[in-house]
Each structure stands twice: as C-alpha cells, then as structure tokens.
Amino acid sequence: MPEALSIRTAAESSPAAATAATAAPREIKVTARDVNVSYGEKQALFDVDVDIAARSVMAFIGPSGCGKSTFLRCINRMNDTIPICRVTGRIEVDGRDIYDPEIDVVQLRARVGMVFQKPNPFPKSIYENVAYGPRLHGMATNKAELDAIVEESLRRASLWKEVSDRLEQPGTGLSGGQQQRLCIARAIAVSPEIILMDEPCSALDPIATARIEELIDELTENFTIIIVTHSMQQAARVSQRTAFFHLGRLIEEGPTEQIFSNPKDRRTQDYITGRFG
Amino acid sequence: MTDLAVSRPVTAKPALDVSSDAAKARIRARYRAERRFRFYGIAALVVTTLFLAMLLVDIVSKGLPVFKAHSLVLDVAVTQDAIDPAGKRDAATIRAADLAPVMRDALKSAVPGPLGRLGDRTLVRLLSIGAADDLVADLLRNPALIGSTIRTRLLLSDDADIYLKAKGAVTSRRGDGTITPDAKSGAVAIAASGPAFAVDLARIKAVMVERARVLETEAARLDRSGGAAVSDKVADLRREAAELLGRARDPAGEETLDTRLPSLLLSINGGLVKVEKLKADSAVGTALLPLSAASASSDWSVVTYATPAGDRKITDLEIALLEHLRATGKVEAHFNTRFFTSGDSREPELAGIRGALSGTAWTMLVTLVLCVPIGVLAAIYLEEFAPKNRWTDIVEVNINNLAAVPSIVFGLLGLAVFLNFFDLPRSAPLVGGLVLALLVLPTIIIASRAALKSVPPSIKEAALGVGASHQQAVFHHVLPSAVPGIMTGTIIGMAHALGETAPLLLIGMVAFIVDVPQAITDASTVLPVQVYLWSDLPEPAFQEKTAGAIIVMLMFLFVMNAAAIMLRRRFERRW
Amino acid sequence: MTTLYFVIMVALVPVAFWAARRRAFAVVEGRPGVLHSLPTYHGLLVAVIVFIPMLVVFALGTPAVGRLAEARAVAALPSDVAADLLRRSAVMREVANVASGNHAGDPAPGIRAAADSLVATRDAGHLAVLVLGLAVAAAAFAFAYRRIAPAFRARNHFERFVRVVLMACAAIAILTTIGIVFSVVFETYRFFFDPALKGRPTVSEFLFGTEWNPQAAMRADQGDIRTAFGFVPLLTGTLLITAIAIAVAGPLGLFSAIYLAEYASPRLRASVKPILEILAGIPTVVLGFFAALTVAPLIRGWGESFGLDVSSESALAAGLVMGMMIIPFISSLSDDVINAVPQSLRDGAYALGSTKSETIRRVVLPAALPGIVSAFMLAVSRAVGETMIVVMAAGLAAKLTFNPLDAVTTITVQIKTILVGDQEFDSAKTLAAFALGFVLFFVTLMLNVIALQIVRRYREQYD
C-alpha cells in the first residue's frame with residue numbers, strides 16, 4: 001500500500017526536517033475547509049477552515065461545548081462511531097481527503113493517533129498495550145522487532161525507565177500519569193504522523209501534567225500534534241499555534257504568542273482575559 | 001389540622017402536641033405498628049427459609065439411604081456341573097449359565113432348615129433378580145474359579161433392602177418365666193407357667209382401641225359428607241369399631257392376630273414362632289424357623305413388628321429369615337455403586353442414573369455448543385453493531401418476552417418444528433439440546449449484553465485510536481473484558497437448562513430406556529425427567545431412588561451456581 | 001460418504017487458510033506492513049470463500065441425492081406395489097432396511113432389486129456431490145487465491161462476512177418467536193377450522209364450554225362418553241392454583257423484599273439473598289416431588305384431622321408449593337423497584353417525623369407501586385405457565401370448582417397429558433393441546449408485554 005509506505009518514510013525522514021520547524025516555510029499537514037458537523041438535528045460545528053503545520057503543536061482552546069473536541073475527532077474520523085453524527089466539508093491530510101470513500105478509516109487512524117482525556121490503557125500487560133497497534137498493522141515480522149518497537153515507544157514516551165522491569169504487569173496498575181504516558185507510547189508505537197490529544201492532562205495532577213507537557217515538546221521533533229485543552233496556560237506553554245473556538249465556529253487562529261498577547265477578535269480577547277469560559 | 005384546631009377550645013393554640021396522654025398513646029401505637037411491620041418482614045424471611053429447609057431436609061432424608069445397599073455375603077459353591085458341564089470356560093457359557101440353583105443352595109445352608117417349599121421360595125425371593133451379577137462378573141474375570149466355593153455378594157431385593165434400612169420397626173422384649181412349645185415345626189402351641197404374655201396382649205388391645213377410634217372418625221366424616229348413599233358403610237364401620245372395643249375391654253380374652261394387627265414372633269430354642277392366637281398364659285402359632293427342641297425354656301423373647309402385615313410388602317417369614325441372616329452376620333451394607341453405574345430398570349434395586357446422566361451430558365453438550373456461540377454473537381451484534389432503529393427495538397422486546405415464555409411452549413415448538421417438520425429423531429438428546437438451547441438463548445443474550453455494556457467505551461475508543469477496526473476493537477478488547485460476565489450468565493443459563501423438564505416431556509424424552517445413550521441421536525432421558533418418571537412409580541424403593549436422583553441433580557446445580565458466584569467475585573471489575 | 005465429505009470439508013478449510021496466509025506473506029516478500037490487511041485476514045477470507053460453497057453443495061446435494069435414490073428405488077419396485085400408496089411406505093421401510101443391511105432373512109426379489117437400486121443411486125449420488133464439492137472448492141480457492149495482493153482489502157471483506165454471521169445469530173431469537181407462533185397458530189387453526197378433522201369444536205364451544213374430555217376423541221366408537229373441548233374448567237383450575245400461589249408468594253415475597261431493601265443490614269442481606277437464589281434455582285420437578293409426596297399427604301392429614309374431605313391431589317398443595325417457587329421471583333423484582341425509589345423521597349418523609357414503616361407504607365410503596373404491580377403480573381405469568389409442579393401434584397380430571405381442597409387440572413397439565421406418548425397429528429385431541437398452548441402463549445405474552453411496559457415507564461420516571 002503506497003500510503004502506508006509513505007507513513008514510514010515520512011516518520012523516518014522527519015528528524016532532519018524537524019530542527020528548522022520555525023524557520024523553514026510551513027509544511028502543511030492538515031487542511032480543513034468548510035467543515036460542518038451535526039449530531040442529528042443539532043449542528044455542532046460551522047464552516048471551520050484551518051491549516052495545521054507539520055511537526056508543530058497546534059492547540060485548540062475555547063469554552064466547553066464550543067466544538068473543539070468535535071473537530072479534533074473529525075481528523076481521525078472517530079466521529080464515525082457515533083451513528084447520528086454527520087460531517088460535511090473537506091479535511092485533507094497530506095493533500096488527500098480523509099472522507100473520501102476510498103480511504104480506509106482504519107489506516108487513517110493508524111496515521112492519525114489519538115490520546116484521550118482519561119487514560120484508557122487496555123486491561124492487559126504494559127507490553128501488550130504498546131505491542132497491540134504494531135501487531136495490528138503488521139509492523140514487525142518477528143518478536144525481536146516487536147520488542148524493539150515497544151522499547152523505542154516507551155522510551156519516547158519517557159516511561160521506559162519506570163516500567164522496563166515490569167512489562168508483563170497490567171497497564172491498569174500504573175499511576176494516572178504513567179497510564180497517560182503509556183497511552184501516548186501506545187499511540188506512537190504505530191508511528192503515526194499526527195497525534196491528537198483530547199485534554200490529555202485534565203485527569204492528572206500538576207506534576208504528571210508537567211511530565212506530559214515536556215513529552216509533548218520532545219515529540220514535536222517527529223510528530224504533528226494537535227491538542228485540545230481547557231487550560232490556556234497549557235496552550236501557551238506547549239503550542240506554536242493556537243485556534244480559538246466558540247459556539248461551533250473557529251473564531252481565530254494564529255501563532256500562540258499573538259493569540260494570547262494580541263488577539264484580533266473581541267471574543268478571543270474576552271475568553272483569554274477570563275470574561276467567560 | 002386547621003379543622004382540628006377550630007374544634008378545640010379557644011385557649012389551645014394549634015401547636016404540635018407531644019406531651020399529652022393522647023399524644024403519648026398515639027406515639028406508642030405508631031411504634032407498635034412499626035414493630036409489627038418489621039415483624040412481618042422477618043416472619044416472611046423466616047417462613048421462606050423454613051420452606052427451603054423443609055424441602056432440603058425432606059429430600060435429603062428421603063434420598064440419602066439410596067447411597068447404601070444391602071447384600072448377602074455367602075459362600076457359594078460354583079460347581080462345574082451347574083455352570084459349565086462341558087468345561088469350556090468361555091464368556092458365552094458363563095453368561096448363559098443359570099446360577100439360581102447354586103445361589104439357592106448357598107442360601108439354604110445359611111438358615112436353619114428344613115423350611116419347606118414355601119420357605120425355600122421365600123428365601124430365593126429375598127434376593128434381587130440381578131443378585132447373580134457380581135458372581136458372574138467374578139467368574140468372567142477368573143473362569144478358573146468354576147468348581148470352587150467363592151465368597152460373594154448377592155444383592156438383596158428392594159423390599160428386603162428397605163426393611164433392613166428401616167430403623168426401630170422391630171422391637172424385642174426378653175420374656176420372663178418358662179414357656180414350653182409342643183412341636184419343633186409346623187403348628188406349635190406354647191404354654192407358659194404364668195401370665196408370660198400379658199404385656200403383649202395388653203399392647204395388642206391398646207392397638208385395637210386406637211383402630212376403633214380411627215374407624216369412628218372415618219364413620220363420622222362419611223356421615224357428615226355422604227348422607228344416605230353411604231349410610232350402610234357408616235353402619236358397618238361403627239359396628240366394626242364397637243366390636244373391636246368390646247374385645248379390647250375384656251383384658252383376659254383370647255385374641256386372634258390378623259393382618260390388621262402387629263406381628264408377634266416368639267424366639268425360642270433357636271427357632272421362631274409366629275403367634276396367631278394369644279392369651280395371657282398361652283399362645284398358638286406356626287414355626288417360621290424350626291425349633292431345635294420342643295422342650296421348656298426360660299431363655300425366650302418376643303419380637304414385635306408394629307406395622308400390620310396388611311400394610312407392608314414384606315411377610316413375617318421374610319422378616320424372620322432376614323433377622324436370622326442379620327444375626328449371623330451374613331448381611332452386609334455397602335455403598336450403592338450400582339446407582340451410578342447402571343441404567344434405568346423396572347427393579348428398583350437395579351435401577352441407576354447412569355443412563356440419565358449420560359443423556360443429560362449429551363443434551364447439555366448440544367445446548368452448550370449451540371447457545372453459547374449464538375447467544376454471545378447475537379449479543380455482540382445487538383450491543384455493538386446493530387443500527388438503532390425500529391427493528392433492533394423489536395428484536396430487543398422480543399428477546400425480553402422470549403425469556404418469559406413458559407417452558408412448555410418451547411416443547412410445543414420442538415414437537416411441531418423439530419420432530420414434525422424437520423423429522424429429527426424422537427427422544428434424542430439432539431432435539432432436547434436444540435429445544436433447551438432456544439430456551440436459554442434469551443438468558444445468555446441478556447447476560448452477555450449486560451456484560452458487554454459494562455465494559456467502558458474508552459477501551460473501545462483506545463483500540464480504534466490506534467487503528468483497530470470496529471470488529472477488531474470488539475473482538476480483541478471488549479469481548480475478553482466481558483468474558484467473566486458472559487460465563488456467569490452462561491453457567492446460570494445452563495443450570496436452568498439442567499433442571500428443565502416440561503419441554504423434554506413433549507419431545508419424547510420420557511421413554512423407559514435401559515441402555516446408556518452413546519450418541520446425540522440415541523433415545524435417552526435426562527436427570528430431571530428420570531426424577532419425574534421414578535416419582536410416578538408405586539414402589540417405595542423408587543421414592544428413595546427419586547430423592548437420590550434429586551440429590552445428585554442438586555449437587556450438580558450447587559457446583560454450577562457456586563462456580564458462577566466464584567467467577568463473579570473473582571473477576572468482577574470496577575472500572 | 002457424508003462423513004467423508006464432512007471430514008474433507010473440515011480438513012480443507014485450514015489448508016486454504018494456511019496457503020492463503022503464506023501467499024500473502026510471499027506477495028510482499030515477508031513484510032506484512034506493506035499489505036493492506038494482515039496475512040491472517042487473507043487466510044481467513046480464503047478459508048471462508050472455500051468453506052461456504054462447499055457447505056452449500058453439501059446442504060443442497062445430500063437431501064437431493066436421498067430423494068433421487070428413493071425415487072429410483074420406487075421405480076425399481078414391482079408396479080403393483082409402487083401404485084399402492086398405503087403399502088408403499090411399509091415396503092420402502094423394508095427396502096431401507098435391506099439397503100442398510102439390517103434386514104433379517106431373505107427379502108422378496110422385488111425389494112432386493114429396489115434396495116440395490118437405492119444403494120447404487122445413493123453411492124453414485126454421494127460421489128457426485130463429493131466431486132462437485134471439491135470442484136467448487138477448487139474454483140473458489142483459485143478465485144480467492146489469485147486476488148491476494150498488497151492492496152486487496154481482505155479484512156474489510158472478511159469483516160463483512162462476520163457481520164452477516166452476527167446478524168444471523170441475532171435473527172435466531174426472532175426466528176424462535178416466529179417458530180413458536182407458527183407452530184401454535186397453525187395447529188390451532190386446524191383444530192378449529194380443518195374440515196377433515198372429526199370432533200373439532202367451534203371457537204365458542206371451546207371458550208365457553210364447561211366440560212373438558214378430550215380422551216373420547218380417540219375412540220369414536222365409544223358412544224357413551226361425549227367428546228368435549230370446553231376450556232372453562234381448565235381456566236378455573238389454572239386460576240385457582242395461581243391464586244393460591246400468589247396468595248402465598250405475594251405477601252411473603254413482598255415483605256421479604258421490603259425487609260431486605262429497607263431494614264436488613266448488609267450482612268443479613270448477604271446471607272439471605274443466597275437463600276432466595278437457591279430457592280429460585282431449584283428445578284420445578286423437585287418442587288413437584290415435594291408437593292406430591294410431602295405437602296399433599298401433610299395437608300390431607302391435617303384436613304382429615306379436622307374432618308375435612310381433602311383430595312390427595314388438592315389444588316392447595318400444588319398452589320402452596322408453586323407459591324414457594326414464586327417467592328424469590330417476586331422478592332427480587334420488588335427489591336429492585338424499591339431500591340430504585342430515590343432516597344430524596346424517603347428523606348422528605350423522615351423530615352416530617354414519619355417512622356420507618358410509615359415512610360415505607362405511605363411513600364416508598366406508592367412510589368414503587370407500578371413496579372410491584374408488574375412484578376406480580378410477571379409472577380402470575382410464571383404460575384400460569386408452570387408445568388411440573390402441577391403435573392406431579394395436581395389432578396387430571398377437569399372439574400369446575402373453586403374448592404382449594406379439591407383436585408383440579410390446569411392448562412399445562414392437559415398439554416402434557418395429551419402430548420406425552422404417541423400422537424397423531426390428525427386427531428382433534430392432539431391439536432387441542434396446541435390450542436391450549438396458543439392460549440397459554442397468548443396470555444403469558446400479554447402479561448409480560450404489559451408488565452415490561454409498566455416497568456419501562458417506571459424506570460423512565462426515576463432515571
């Protein structure tokens with residue numbers, strides 16, 4: 001499958017390109033045009049247009065129910081699991097429309113990984129949690145290769161040191177922060193190009209949150225990360241660009257610094273200064 | 001409240017009254033009501049528990065004796081002439097041999113004789129018709145034994161077995177004074193030196209008074225309900241009662257011991273005399289076991305069997321023989337292995353539950369193989385893949401209703417569809433298993449759906465998030481997490497199927513089947529149906545078998561339910 | 001031969017799986033990551049593509065061969081036998097016996113010829129089915145095997161197949177209902193309206209007749225016993241026993257539930273619940289035995305000591321034990337609905353100074369009433385449909401009485417009595433059992449539907 005091949009080449013060649021993320025002209029990874037989403041009668045998202053650069057962190061902020069999570073879940077078509085959800089418009093990853101009937105949603109999700117709000121490790125061993133994805137996609141031909149992928153992923157998620165001696169223990173036995181890093185390891189084990197994070201720190205304590213934020217920073221080297229967050233400080237800390245959603249519309253998008261220091265829209269201003277939210 | 005206030009004297013404020021006597025009485029009454037209400041609840045629980053305890057105690061006390069059986073242990077001379085005159089020593093000859101004569105000879109030598117024709121016949125009737133089975137098995141194992149004398153076990157008949165198991169049916173009293181029989185066998189007249197039998201005579205008369213009372217009550221009941229049509233019968237009953245009372249009131253009068261009165265046996269000089277006529281100082285009877293001498297003896301006893309001969313199946317002679325055999329150590333009680341190793345039989349002592357157990361095993365196998373995959377897959381479809389529309393709603397309501405359809409209706413379905421339409425074999429575990437599978441399917445679907453639903457959606461989302469397809473997410477992650485719940489539901493469903501009887505009656509699994517079924521198409525019966533079949537038979541020994549089979553069935557159910565509870569405790573996961 | 005076919009079929013499936021899986025590895029030179037679907041899915045898909053046509057050939061071919069062989073055997077029979085329809089089935093049984101080698105002695109020459117023809121046709125037919133099956137399997141395999149390619153979406157195809165299997169499993173529940181409705185409705189229709197049926201009653205005779213005597217329908221020559229299919233005595237018998245059962249189980253079950261839900265400590269609850277579960281798990285045949293051999297003589301004994309006429313198969317004994325059976329049912333359902341009443345309602349009552357029992361009687365029970373009513377309805381439906389207890393402890397004679405000490409019979413007892421043993425499907429007696437089954441199914445269904453509806457609405461109220 002040529003698409004699948006390109007995943008790995010992109011991932012492998014990324015370190016070279018990653019160093020100059022800010023200087024070089026932006027390489028666009030995700031493009032959304034006129035995206036509308038409705039749940040049954042209720043429209044949740046209106047005409048969203050956005051471009052997301054490769055190997056950077058894009059933060060979505062906005063009050064509860066503003067549609068930021070909905071939009072995030074459109075990017076790997078997780079919304080497909082909700083029967084009444086309808087998506088129109090165009091979302092492209094690397095220039096290909098992901099809602100094209102030709103696209104296999106399963107392969108799309110291998111390229112666009114996801115980390116959820118609450119850590120949700122499988123009720124299996126730590127090793128099995130990470131190995132599941134690679135096995136599913138036939139990424140290893142033997143046990144040694146699989147071991148290597150598991151170790152590499154756990155290292156990248158900076159969890160290896162803590163769990164290397166107890167890989168056979170259930171993933172559900174880890175602490176909340178460790179569980180969330182395990183979920184990140186699980187997501188990066190399939191070498192996605194994009195990782196979606198849906199409020200990944202909302203269930204964690206500040207120390208664990210700090211670890212995850214550090215990790216996000218490191219991951220930018222290789223991955224395009226889109227993070228939904230409730231915390232504006234977090235958005236300011238981890239992201240290069242920020243998009244502000246309100247009432248189902250994308251109000252403003254731009255470099256994070258600019259959004260927080262000099263927003264162009266009144267509503268953005270009101271939100272970041274705490275008038276509502 | 002306001003009305004009350006108005007009717008009171010103007011000085012009283014409409015305030016909460018807690019201190020007056022009336023108020024205190026009211027509060028006391030309210031607390032009494034509270035206690036009463038609580039008592040009802042406790043009483044309900046106690047009554048329910050008592051019900052269950054009564055049921056279990058009743059079944060266990062009726063059924064436990066079945067695990068014990070009585071046999072005679074005798075030295076049997078297996079002569080070559082009787083078994084294998086040609087000296088072939090092969091299995092066919094041994095199987096075909098008539099062992100009755102050698103067994104009869106062994107029996108005769110175990111009791112004092114001669115007993116006469118009736119006595120000999122009674123002696124043989126003590127044994128089960130399958131008594132030779134153990135002996136034949138011994139000979140088959142070692143044909144060289146032919147020609148020698150073997151100590152072997154001969155199974156007793158069901159009546160003898162029941163008699164031996166009954167405790168306290170026989171009482172024995174040492175006699176005082178000297179009594180003298182006038183013959184060694186046949187009719188024997190016994191004279192005593194004093195009123196040696198006065199105690200026994202008084203007991204007999206007491207029984208007559210009691211019987212007269214029962215007759216009076218019966219007459220009174222008939223008189224009340226029947227009217228003119230039964231007046232003759234009422235008169236007869238009253239006359240009989242009056243006559244009995246008249247005889248009973250004469251303390252010295254001679255009594256004839258008929259079959260409606262307890263049996264009295266005199267044990268004297270190594271023999272046993274059945275008393276037919278009794279006076280305080282003399283008795284007339286028949287020797288059941290011959291006496292060693294017709295001489296006076298002071299070492300004698302009276303054996304009383306309280307149940308009148310007319311109300312029992314075992315005769316006095318049989319009792320005499322059994323008591324003699326028991327006293328000489330020839331009777332052996334042993335574990336009733338036959339109950340577990342043989343199929344059904346018309347002879348209670350030979351009947352076993354092996355056939356029913358095999359039938360149950362085959363039927364359960366068919367049920368399990370069908371209903372678990374179908375039930376689980378259906379649950380997966382309904383819970384995970386089915387579109388939420390009117391059709392799914394109908395399926396859902398339908399499954400809930402199916403779970404409450406009376407089981408006998410499934411029997412009608414089996415009869416009309418499987419037997420009549422598809423022409424499957426009658427009485428076969430195949431059809432039984434099919435019917436039971438449909439019967440427990442709703443249970444398993446409902447339990448499996450609940451188990452699947454209890455797995456948090458985040459697990460599925462996580463799998464989808466790394467690129468698993470919906471089916472992969474379900475089969476790799478949701479289903480394994482739901483397995484304990486599904487298994488619990490399955491075990492409970494199977495326990496239900498194991499005890500189910502009614503639908504199987506309709507598809508012909510009630511036949512009398514001796515052979516142990518070997519395949520799912522062989523005619524067979526199952527444990528609960530065997531219970532039903534035996535419970536219908538008149539022999540008291542079958543009542544015991546019924547209760548025994550119930551105990552075995554309840555043990556299975558107990559183990560299954562315990563397993564279900566353990567599974568639930570062990571794997572219950574709080575997400 | 002059919003066994004051979006089966007063995008080959010079962011053996012070929014793993015072979016196909018394995019071959020396809022190897023092929024999938026081969027087309028990408030051992031790098032499965034390049035494939036759209038994992039090699040295992042290619043294997044599974046090919047195995048299914050081979051299995052299904054083989055199964056279809058088997059399922060269609062085997063009965064066809066059987067029918068063909070029979071037709072050829074009939075053709076080989078002497079013409080006078082073949083023409084006589086009555087004798088033909090007996091002769092054909094003999095032919096089948098000869099063919100399977102179970103026939104004792106020498107068969108007639110005509111039968112021998114027919115049996116030979118039967119065997120020959122059958123063997124040839126089975127061989128043909130086998131060859132056809134193998135050919136189909138080979139073709140299917142070749143077709144599927146050739147399609148294995150890196151971009152081929154084997155997983156999607158296989159998952160579509162799995163989805164159909166899942167759907168079929170769910171459909172079995174519907175099919176069961178259809179089967180039940182079909183069997184009872186069809187036979188009931190014949191019972192009332194089949195003109196060929198002798199002694200069939202009209203619908204109103206059935207519904208309002210007060211005499212039930214189906215046995216006479218068997219022997220038309222017995223003039224003095226009138227066949228009667230009056231349903232009323234069965235209905236009163238069933239209702240009498242059900243009423244006794246509910247009178248026993250209602251208060252006991254409800255008070256148990258109230259005590260367990262409102263008063264009992266968790267420890268008591270944990271030890272009493274299993275008792276109820278044990279009671280619920282006892283097979284009804286055991287309860288029937290208890291009713292017939294222990295409770296009925298006991299009641300008879302008591303009754304007689306008071307000078308009452310008690311039948312040895314009294315409705316009271318059956319009803320009492322059936323009540324025992326239903327206690328756990330009512331108790332657990334009521335327990336659920338009582339627990340579903342929100343705590344806030346209780347708190348409101350306590351705040352006004354109610355005692356616990358006043359709170360329960362004035363607030364909790366009225367709030368839980370719909371649920372309790374539906375529990376009772378389900379219990380009634382249980383009691384009406386229960387078979388073994390009444391079969392063993394109630395009587396057979398249909399008597400129109402409301403005396404609980406009398407013997408009565410029920411719908412289920414009559415169904416069982418009529419249908420155990422040999423039945424002919426063209427006698428009014430047998431069909432009467434199906435008519436009773438129809439009534440039973442319909443009544444219990446109505447009770448269940450209404451009860452479940454009430455429960456559903458009740459749940460919505462407090463959710």
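1. Domain 1 of chain B and domain 2 of chain B together bury about 360 Å², with carbon and sulfur atoms accounting for 74% of it; buried area is the accessible area (1.4 Å probe) that two parts lose on being put together, summed over both. Of the area that domain 1 of chain B buries against domain 2 of chain B, 82% comes from Pro112(B), Leu115(B) and Tyr163(B), more than from any other three residues.

2. This is a predicted model, in which local features need pLDDT of at least 70, side-chain atom pairs count only at pLDDT 80 or more, and totals for chains, interfaces and linings use all residues. Residues are numbered from 1 along each chain as its sequence is written, chains are lettered from A and ligands numbered from 1 in the order in which they are written, and side-chain values use heavy atoms, leaving out hydrogens and water.

3. Chain B is assigned domain 1 (66-164), domain 2 (170-306) and domain 3 (350-571), with bounds from an automatic or database domain assignment. Taken over C-alpha atoms, the centres of domain 1 of chain B and domain 2 of chain B lie 37 Å apart. Contact (heavy atoms within 4.5 Å) links 5 residues of domain 1 of chain B with 5 residues of domain 2 of chain B.

4. Between domain 1 of chain B and domain 2 of chain B there are 0 salt bridges, a salt bridge being a side-chain nitrogen of Lys or Arg within 4 Å of a carboxyl oxygen of Asp or Glu.

5. In chain A, 57% of the 277 residues are buried (under 20% relative accessible area, 1.4 Å probe, protein chains only).

Notes:
Buried means under 20% relative accessible area, exposed over 50%, partly exposed in between (1.4 Å probe, protein chains only).
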